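Work through the exercises below with the sequence and the structure open. Each task is followed by a solution in steps.

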Amino acid sequence: MGIWILDAQVVAEGNQLTKQHILIEGNVIEKIIDAGTGVQPDTAGHTVVRAEGKLVTPGLIDMHVHLREPGFEHKETIASGTRSAARGGFTTIACMPNTRPVIDTVETVKYVLDKAASEGIVRVLPYGCITKNELGRELTDFDALKEAGVIGYTDDGVGVQSAQMMKDAMAKAASIGLPIIAHCEDNTLVEGAWVSEGAFSKKHGLKAIPNESEAIHVGRDCLLAEATGVHYHVCHVSTEQSVRLIRHAKQFGIKVTAEVCPHHLILSDEDIPGMDANWKMNPPLRTPRDVQACIEGLLDGTIDIIVTDHAPHSAEEKARGVDLAPFGIVGFETAFPLLYTKFVATGQWTLQFLVEKMTSLPAQVFGLPYGKLEVGKEADITIIDLETEKEVDPKDFLSKGTNTPFIGWSLKGWPTTTIVGGKVVWSEA
Ligand SMILES: NC(=O)N[C@@H](CC(=O)O)C(=O)O
Ligand SMILES: [Zn+2]
Ligand SMILES: [Zn+2]
């Protein structure tokens, strides 16, 4: 017994949709019938999912998320985080190692993979730390972590401060064929600020984070990637300077790829309403000029993919005031609706462009066998309602985190069903 998804609207090209019937048998896509042929599928004995009028995409892929387990289960767990991901339409997510303990040993990788297998409902791919405890002093055992199942190395949450340490990490990663994923931040330029240099920091007389704190690492690491030949992936790009440096590096054939988050494409520092920790994230919201540069970078391919950097924190932690509250906002359950409403519904991007940036391109960048609706492939599928307008209400979130600046935004493009390996893992009630 399989599942027939009937009358799926699948992106053909640009904003053009074709109507298809999709049969899932077991964990794979068994058959795709062009509905235009008039051939009616024989659904006897199968489960039928009616997708009439809805968009059907490959399962969304998010290569930068924080699941918080082990150690910060009050913020999120693998169980709650993967449910939140599924509600956001994501079928594969790659989790960051800044847990407690951090994911810097084989045991912790195993712990995460075991938990994901027993309690998770979407695919979870772990990253391992570059340095032990993310302290920047000593490399982890890259071979052992690879053997245990990590898909790359990162100290996300902090930048690797020493160029020599980063160069050694890159050389080692290159030798075993895994990427380095970098949180770019030079600590000597940050000085305990929470907002970017811009109109907001000036108006309130606040200490500010300059764009160079990010871009200096991007520039440094592009040179080190050139020297070592590693696949170097830049996390959460937020500045005009970083975009420029990545564009330049790509022109020189350096193996660099990059990601950007919805909030850095949609919000600037000028949107921050006041001293509200739901607007505190790392990197911070930059100036409108930086937002524009990120959008242009995404459009011309300088920035390869979109990720959420889903970073849940408890309400109590976020209520400590902007100086003490941790950096980070949740992202899974608003990402697609935000981007669809803001960029596709307004005619600025095609649907194909948005969908590729969240499916086939992340799969391509990280060499994953997902991200396409094709016969014989894993049946990872997301069904999305492009019509119904609904307000963002954190009470609806399946994440434990409610820390979002998008409360009350009226959006379209809400996922309604998420299928992983042929199993419906989430469906709107
Ligand atoms: N992005 C954030 O603001 N916070 C992340 C860390 C990170 O992604 O650097 C977190 O772990 O909370
Ligand atoms: Zn980071
Ligand atoms: Zn992160």
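**Exercise 1.** Does histidine 183 count as buried or exposed, and why?

Step 1. The model is predicted, so local features need pLDDT of at least 70 and side-chain atom pairs count only at pLDDT 80 or more, while totals for chains, interfaces and linings use all residues. Residues are numbered from 1 along each chain as its sequence is written, and chains are lettered from A and ligands numbered from 1 in the order in which they are written.

Step 2. Apply the rule: a residue is buried if 20 or more other C-beta atoms, placed from the backbone, lie within 10 Å of its own, exposed if 12 or fewer, and partly exposed in between.

Step 3. Histidine 183 counts as buried because it has 24 C-beta neighbours inside 10 Å.

**Exercise 2.** Locate histidine 183 and state which residues it touches.

Step 1. Helices (H or I, at least four residues) and strands (E, at least two) are DSSP runs, numbered from the N terminus. Histidine 183 sits in the loop between strand S9 (180-182) and strand S10 (195-196).

Step 2. Two residues are in contact if their C-beta atoms, placed from the backbone, lie within 7 Å. Leaving out residues up to four places away in sequence, histidine 183 touches Thr154, Asp155, Asp156, Gly157, Val158, Gly159 and Cys235.

**Exercise 3.** Describe the surroundings of aspartate 156.

Step 1. The loop that holds aspartate 156 runs between helix H3 (142-148) and helix H4 (163-176).

Step 2. Aspartate 156 counts as buried because it has 23 C-beta neighbours inside 10 Å.

Step 3. Its contacts, not counting residues up to four places away in sequence, include Met96, Asn98 and His183.

**Exercise 4.** Which residues does UniProt list under "binding site" (unreviewed entry) together with Asp309?

Step 1. The UniProt record lists His64, His66 and Asp156 with Asp309. UniProt positions are given in the numbering used here, feature names are shortened, and annotations may be inferred rather than shown by experiment.

Step 2. These residues span 246 residues in sequence, yet no two of their C-alpha atoms are more than 10.1 Å apart, so they gather at one spot.

Step 3. Aspartate 309 is in the loop between strand S14 (305-306) and helix H10 (315-318). With 28 C-beta neighbours inside 10 Å, aspartate 309 is buried. Not counting residues up to four places away in sequence, aspartate 309 touches His64, His236, Cys261 and Gly331.
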